[in-house]
Amino acid sequence: MINEKNEKVYKIVLTALMAALCYVAFTFLKIPIPTFGGDMVALHIGNAFCVLAALLLGGFYGGLAGSLGMTIADILDPAYITSAPKTFILKLCIGLIAGLVAHKIAHITEDHDAKYVFKWSLLASIAGLGFNVIMDPIVGFFYKNYILGVESSATKIMSTWAAGVTFINAVAGTIVVVVVYAAVRPVLKKAGLFFHIK
């Protein structure tokens, strides 16, 4: 079992690992889709690792992992660099919301049966990624229209594309999170590396 002294170090290391997974999933495993407005959206599962990190480490660390990994991915890709500030905020919120549902409401790191853990990991994923489905196009519209100064009609087209792609990403991400968390949880418990999040 991890003692309190080492727990923070492990969480920081795992946050960095999850940030790296977010980065890799977005940078190397995405399917880019151009929009009529000249912007890009992408099919990817990067957000899944943000939610997974929130389930394993807590909402703050999960959000931080998603924010860092996905923002760095945006900054290093010329097609997405202008989205980096929006990405940082939205991914942090995904982790915080998923963590809130998983740990503050359901307390999934306490002793529960597999059915309970499945249900609440699913609900936490839906909450975090559902937030992103709603807010990504809305924040994207205002960000591009009022911060970047993109024309309104083009911004509406991009927001519509983004909403559809974000929904597909959320469905795929939710499946990934639930399956991977169910597989990893008992392994971490057996290895004494499972965090009890309060």
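Helix axes here are lines fitted to C-alpha atoms over the stretch in contact, and angles between their N-to-C directions run from 0 to 180 degrees. The model in these close-ups is a predicted one.

**Close-up 1. Helix α2 packs against helix α5 at about 135 degrees.** Here we're looking at α2, residues 46-57, and α5, residues 114-147, with 10 Å between their axes. Angles over 145 degrees would count as roughly antiparallel and 65 to 115 as roughly perpendicular, so this pair ends up oblique. As for handedness, α2 and α5 make a right-handed crossing.

**Close-up 2. Who touches whom between α2 and α5.**

**Close-up 3. Helix α1 crosses helix α3 at roughly 40 degrees.** This view brings in α1, residues 4-28, and α3, residues 59-75, whose axes come within 7 Å. Roughly parallel would take an angle under 35 degrees, so α1 is oblique to α3. The way α1 passes α3 is right-handed.

**Close-up 4. The residues where α1 meets α3.** From α1 come K8, K11, T15, M18, A19, C22, Y23, F26 and T27. Facing them in α3 are Y61, L64, A65, G66, L68, G69, M70, I72, A73 and D74. The tally for this contact is 12 nonpolar, 4 polar and 3 charged residues.

Conventions: Residues are numbered from 1 along each chain as its sequence is written. This is a predicted model: local features need pLDDT of at least 70, side-chain atom pairs count only at pLDDT 80 or more; totals for chains, interfaces and linings use all residues. Side-chain values use heavy atoms; hydrogens and water are left out. Helices (H or I, at least four residues) and strands (E, at least two) are DSSP runs, numbered from the N terminus. A crossing is left-handed if the near helix is turned anticlockwise from the far one by less than a right angle, and right-handed if clockwise. Contact means heavy atoms within 4.5 Å. Ala, Val, Leu, Ile, Met, Phe, Trp, Tyr, Cys and Pro count as nonpolar, Asp, Glu, Lys and Arg as charged, and the others, Gly among them, as polar.
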